[in-house]
Amino acid sequence: MLSGLRGVGKTVLLLAFRANARNAGWPIELFEARPGGDLRAQVAEALPPMVRTVNRHWRNRERARRIGRIAASFARAVQATLTRTGFRLELEPEPGVADSGDLETDLTELLVALGEGAREERVGAALLIDELHEVPPDQLSSLVGAAHRVNQERLPVVVGGAGLPPVGRVLSEARSYAERLFSIRPVGALSERDTRLAFQAPAEDLGVSFTGAALDELVAVSGGYPFFIQSYGKHVWDLADDSPIAEDDVELARPRAYRELVDSFFKPRYDRATPTERRYLHAMAELGDDEVASADVAGRLGHDQPSRVSPQRDGLLTKGLIYAPERGQLAFTVPHMAAYLRQLPERP
Ligand SMILES: Nc1ncnc2c1ncn2[C@@H]1O[C@H](COP(=O)(O)OP(=O)(O)OP(=O)(O)O)[C@@H](O)[C@H]1O
Ligand SMILES: [Mg+2]
């Protein structure tokens with residue numbers, strides 16, 4: 001389970017996991033949980049391509065057909081039709097399996113059937129859920145319960161995904177044993193060495209290098225965040241006339257890259273906040289770049305009672321602009337957001 005801030009590369013990693021697993025012949029799907037979404041409907045939508053992989057590759061034909069029928073049962077329990085652009089499964093359901101209507105029971109039966117088949121075929125199977133923190137708590141609890149069962153039976157099924165940093169806590173709140181069941185891997189800024197490599201290696205492939213000073217500057221301004229590396233890398237590449245790319249190229253590219261980050265990363269999020277929520281964000285930013293105590297934010301806004309400003313805090317949490325790394329603490333979900341807010345000329 002990948003846990004990290006916005007723009008650190010979680011989705012890119014999940015896509016790489018999926019590509020690798022597909023190459024190994026696994027039935028695997030990846031989908032993104034939506035706020036207030038229906039997990040069963042989303043899993044049902046992910047099933048047709050998995051069933052297709054099973055049908056294509058599994059030697060045990062009867063087992064492959066059974067997986068298709070169980071998938072149809074699972075989908076039928078919510079009247080979800082197994083359709084996806086240009087692809088439709090017309091299968092008879094398997095009565096009595098994965099059709100109880102109880103999400104945990106049905107998901108467990110589905111994953112167990114997939115796992116037993118996968119074990120026999122000597123492959124794995126996986127369900128990856130991006131933005132996992134958006135799955136409503138009761139549905140998440142069912143998912144964790146189903147994952148627990150396939151784990152107990154030692155079946156080669158992976159339930160994985162990614163989410164904003166409270167994802168570990170969100171999982172353990174769903175089921176207390178979740179922390180032992182999942183391995184939660186933080187994804188953050190790249191190391192300095194990897195940041196250099198991220199700029200250098202793709203350029204070198206095209207016969208272009210950077211001066212040492214230019215690279216130092218790029219490492220500093222990007223802070224090692226993949227989304228920032230992408231933006232600074234693109235603009236310095238577009239502006240430089242020749243190799244090696246030098247410090248003055250970086251100086252020219254800097255404001256353009258920053259403008260792009262403002263337009264695509266910082267501003268759209270800031271715009272989503274109401275005026276009172278914005279005041280809350282500014283108070284956080286003035287307290288520093290790292291975690292801040294919500295009591296201190298309230299104090300800065302002139303309230304001794306943090307509850308007076310909890311509507312703003314809750315609104316920002318729901319909108320995904322901030323998160324609570326631990327009780328009573330708050331932090332921005334977007335790297336460098338505090339610095340962005342501090343340089344804004346106007347305050348709401
Ligand atoms: N391995 C990589 N190679 C090249 N670019 C990458 C890599 N990882 C991340 N990036 C860049 O960083 C950007 C953000 O990555 P990604 O969308 O995976 O982040 P995320 O953690 O899923 O963010 P969010 O929480 O906003 O969904 C990508 O669009 C890409 O520009
Ligand atoms: Mg993502």
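Student: What should I know about the numbering and the model before we start?

Tutor: Residues are numbered from 1 along each chain as its sequence is written, and chains are lettered from A and ligands numbered from 1 in the order in which they are written. This is a predicted model, in which local features need pLDDT of at least 70 and side-chain atom pairs count only at pLDDT 80 or more, while totals for chains, interfaces and linings use all residues, and side-chain values use heavy atoms, with hydrogens and water left out.

Student: OK, which residues surround ligand 1?

Tutor: The shell consists of Leu5, Arg6, Gly7, Val8, Gly9, Lys10, Thr11, Val12, Glu131, Pro226, Phe227 and Gln230, where being near the ligand means having a heavy atom within 4 Å of it. By class, that shell has five nonpolar, four polar and three charged residues; here Ala, Val, Leu, Ile, Met, Phe, Trp, Tyr, Cys and Pro count as nonpolar, Asp, Glu, Lys and Arg as charged, and the others, Gly among them, as polar.

Student: And what do the oxygen atoms of ligand 1 sit beside?

Tutor: An oxygen atom of the ligand is 2.8 Å from a polar backbone atom of Gly7, and an oxygen atom is 2.7 Å from an N or O atom in the side chain of Thr11. For Val12, a polar backbone atom lies 2.7 Å from an oxygen atom of ligand 1; a polar contact is a pair of N or O atoms within 3.5 Å.

Student: Which elements give two or more residues to that shell?

Tutor: Those are α1 (10-23) and α10 (226-239), with helices taken as DSSP runs of H or I of at least four residues and strands as runs of E of at least two, numbered from the N terminus.

Student: Switching topic, which residues touch the most other members in the largest nonpolar core?

Tutor: Of its 58 residues, Phe266, Leu281, Phe332 and Leu341 do, a nonpolar core being a set of buried Ala, Val, Leu, Ile, Met, Phe, Trp, Tyr and Cys residues joined through side-chain atoms within 4.5 Å. Helix α11 (residues 247-272) gives the largest share of this core, eight residues.

Student: What is Leu281 in contact with?

Tutor: Leaving aside neighbours within four places in sequence, Leu281 is in contact (heavy atoms within 4.5 Å) with Tyr270, Ala273, Leu316, Leu321, Ile322, Phe332 and Leu341. There is also a second, separate core of 50 residues, which includes Ile70, Leu110, Val150 and Val167.

Student: Where is Ser73, and is it buried or exposed?

Tutor: Ser73 is found in helix α3 (residues 61-76) and is buried, with a relative accessible area of 1%; buried means under 20%, exposed over 50%, and partly exposed in between, with a 1.4 Å probe and protein chains only. Beyond four places in sequence, Ser73 is in contact with Pro93, Glu94, Pro95, Val97, Ala98 and Asp99.

Student: What about Leu47?

Tutor: Leu47 lies in helix α2 (residues 39-57) and is buried, at 3% relative accessible area. Leu47 and Ser73 are 26 residues apart in sequence and 11 Å apart in space, C-alpha to C-alpha.

Student: Last one, which peptide bond is cis?

Tutor: The bond from Ser243 to Pro244 is cis, with omega near 0°, and Pro244 lies in the loop between α10 and α11.

Key. Polar contact = N/O pair within 3.5 Å; in protein donor to acceptor, adjacent residues only side chain to side chain.
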